[in-house]
Every structure is written in structure tokens, then in C-alpha cells.
Amino acid sequence: MDTVEFSLVVPCYNEEDVLPHFYAEVVPALDAALGGDWEIIFVDDGSRDRSRQLILGLHLQDSRIKGVFLSRNFGHQAAVDTGLCHAKGRFIGVMDCDLQDPVQVLLAMYAKCKSGLDVCYGVRARRESPWLLKFFYSFFYLIMHKVATHDWPRDAGDFCVVSRKALDAVLALPENSRMFRGLRSWVGFRQLGLPYDRPNRRSGKSKYNLRKLIDLALLGFVGFTDFPLRFIGVFGFAVGLFACLLMFFVVLNRFFPQFSLFGYWVGVSPVATTILVIFLFFMSILFVFLGVIGEYIRVLLQEVKGRPFAVVDTTVGDVARPETPAR
Ligand code: UDP
Ligand code: MG
């Protein structure tokens, strides 16, 4: 495969307003930094406006501009992934079309990767978004940071530069429900977050509606956590423990009323308390059983995802070279 130094993957969905600005701003910056050894891959995610014609026009004008056109709107994440599969670069960048990701930050990330990092991703220090959206994002990233099965960086979107090595590791992951920012952090290697201020989109409207945002959040949550499945079992045990404690106090109150700490409370209606205890006890058994099933589902989920159990960075010595799983 003939390679280029830098590939830039840009998902576009109905971005006719902003594409000309993108070209005018990004191409001179790439030229200045890379001396022409780059390609831009616009992934048209089934746009219904003139984005497709604009991309074709840019390609005719400049062959380093390339287009991958999807057959319909598959969504942002699918567009990013498709672009990444088509990139030839030794370093690969991902940025949105709406110029919310500054090209100077992209080049700073490229410089970091060039000096030895494998993944450099943008961390949104300040956003110009409505407060409700900001709250939603912060909440999501806080939860993911706390409960994800691997170290999930806070406030990092897809905006990044990665080395060929890191990208190949991401592309080798066979799962189909893919969230790039999650897989990118999952593969490891040397990673760094670069804080930047995220302005409003330059032109046009956000292509994300509430449903798409919730889908994205669920994609990340289900793909990279197993906390809920485990929580069921823990919850069951906790309820069971509570039922046992309550039973203890009922018995204590019955035989040694003088020692009972909650004598009054339990003593008012020992029959009702006993029924409550029995109810809670069986509820707890139910939850523990659900938790056990959850554990099996968790392992099943892991198998179905088909991710390799580890990603090898380098080896020394003449070891066998296993084939990466094909996608
Ligand atoms: N996008 C896409 N497919 C979609 C939705 C969005 O390719 O179904 C692209 C869009 O053109 C943009 C990027 O993904 O380049 C981010 O979308 P947007 O700016 O609308 O999201 P926001 O920044 O508001 O979260
Ligand atoms: Mg945007």
C-alpha cells in the first residue's frame, strides 16, 4: 500500500454550509505543516443536501481530497470507522466537519504523535453548548470514567490523531457496535489528552438530536461497562443482609425485649415485620439469581463482542506473528 504521512478522516452529514469553510481553513494549514504529504477523506454519511457534489468538486480540484460515500445515513460513529478503514496515513486524524475542532490543535496532536505518542486526543476544556447538553455530557463522562471496564478519559470526543499502530489495533477489533473513542482508549499504547476550548459550530445546525445522543451514550455504556450486570447481584446480597438483620431484631425483641435496639419499631407489629422479612428475603434470592444470570450474560457479551483479550505493542526476538482477526 502506498502511504501518506497524514490522513484526516472527516464525517459529513448535510454539511454543505460548512464544507467550503473547512476546505479554506484546513487545507492551507495542512500544507504548511506537512508540505503536501496528506490526504483528507470525507465520509459522506448519506447527506441529502449538496455535500456529495461539493466533495466531488473538491476532489476534482485537488486529488488529495478523497470521498467515501455511504449508501445511507449510518450515523457519526459508522462514518468515522468507515473513514478510518480507508485511510493510508502513517498518522491518522479524526475531526468534525463543522470546525468545532480547531486545526491548530489537530496539528499540535500530530506533532505529539510524531514525537512518539500513539494516541493524542482532544479534551474539551470549555464548550459553547447549551447548559443542559453540557450537563448531559459531563454526567455521561463522569459515569463512564467511574464504571467503564477500562480507563475511559473524561470529556474526550473523537477528535484525535493516532499512529498507524494504534489504528490497526482499533480496526482489528471485530465487534460491530463500535464507539471509536471507547475502542481508542481500550487499545492502550501511549496516550495523551490535550485540553482545548471547543467553539460553536461554524455554520449549519448540529446533526445530533436527543435520540442520536441517547443512542451514542447507550453505545458507550453497554459496550464498555459491565457494572449494571454486577450490581444486580450485589443489590440482592444487600437486601438479603438487611432481611437477616431485621429478622435478628424480631427474634431479639421476642425473647429479650430489654436488649432490643429497635424494640419499639419491631415490637409494634412483629407479624408485619416477619412478613416483610420473608418478602425481602425472597426478593433478595431473586436478585441474587438475576445477578448470577447477569454474570453469565456478561461473559456471553464479552464472547459475542469478540474483542481480543489483549493488544500486543511490540515483541523482541523471533516470535511467531499471530494474524490479527480480520474484519
Ligand atoms: N455526522 C455524521 N452523521 C450523522 C451525524 C453527524 O457524519 O448522522 C457528522 C457531522 O457532519 C459532523 C460530526 O459528525 O461532522 C459531528 O456532528 P455534529 O457537529 O452535528 O455534532 P455535535 O458537534 O453537535 O455534537
Ligand atoms: Mg459539531
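This is a predicted model: local features need pLDDT of at least 70, side-chain atom pairs count only at pLDDT 80 or more; totals for chains, interfaces and linings use all residues.

Q: Is D155 buried or exposed? And how does L99 count?

A: The idea is to count neighbours: 20 or more other C-beta atoms within 10 Å makes a residue buried, 12 or fewer makes it exposed, and anything in between is partly exposed. D155 has 20 other C-beta atoms within 10 Å, so D155 is buried. L99 has 18 C-beta neighbours inside 10 Å, so L99 counts as partly exposed. Over the protein chain, buried residues make up 29% of the 327 residues.

Q: How do I read strand pairing? Which strands does strand 4 pair with?

A: You look for bridges: two strands pair if DSSP finds at least two between them. Strand 4 pairs with strand 1 (residues 4-12) in the parallel sense, over 5 bridges. Strand 4 is also joined to strand 6 (residues 156-163) by 4 bridges, and those two run antiparallel. Strand 4 itself (residues 89-94) is mostly covered, with 5 of its 6 residues buried.

Q: What does UniProt list for residues 7-169?

A: An unreviewed UniProt entry gives that span as "domain: Glycosyltransferase 2-like". In the model, residues 7-169 are 44% helix and 25% strand, and the end C-alpha atoms lie 17 Å apart.

Q: And where does UniProt place a "transmembrane region"?

A: The unreviewed entry puts that feature at residues 231-252 and 264-293. Over residues 231-252 the chain is 100% helix and 0% strand, with the end C-alpha atoms 31 Å apart. Now find helix 9 (residues 227-255), which has 29 residues. Helix 9 reaches 42 Å from its first C-alpha to its last, close to the 42 Å expected at 1.5 Å a residue.

Q: Which residues of helix 9 are buried?

A: They are G236, A243, V250 and N253.

Q: Let's zoom out. How many helices and strands are there in the protein chain, and how spread out is the chain?

A: The protein chain comes to 11 helices and 7 strands. Its radius of gyration is 26 Å, well over the 20 Å that the globule rule gives for 327 residues, so the chain is more spread out than a compact globule. Along the principal axes, its C-alpha atoms fill a box of roughly 90 × 55 × 35 Å.

Q: How is the chain divided into domains?

A: Domain 1 takes in 6-141 + 152-224 + 308-316, and domain 2 is 226-305. Taken over C-alpha atoms, 47 Å separate their centres.

Q: What about contacts: what share is between residues 24 or more positions apart?

A: Among contacts in the protein chain with a separation of 6 or more, residues 24 or more positions apart account for 82%.

Key:
Residues are numbered from 1 along each chain as its sequence is written. Chains are lettered from A and ligands numbered from 1 in the order in which they are written. UniProt positions are given in the numbering used here, feature names are shortened, and annotations may be inferred rather than shown by experiment. The expected span of a helix is 1.5 Å times one less than its number of residues. The radius of gyration is taken over C-alpha atoms; the globule rule is 2.2 Å times the number of residues to the power 0.38. Two residues are in contact if their C-beta atoms, placed from the backbone, lie within 7 Å. Domain bounds come from an automatic or database domain assignment.
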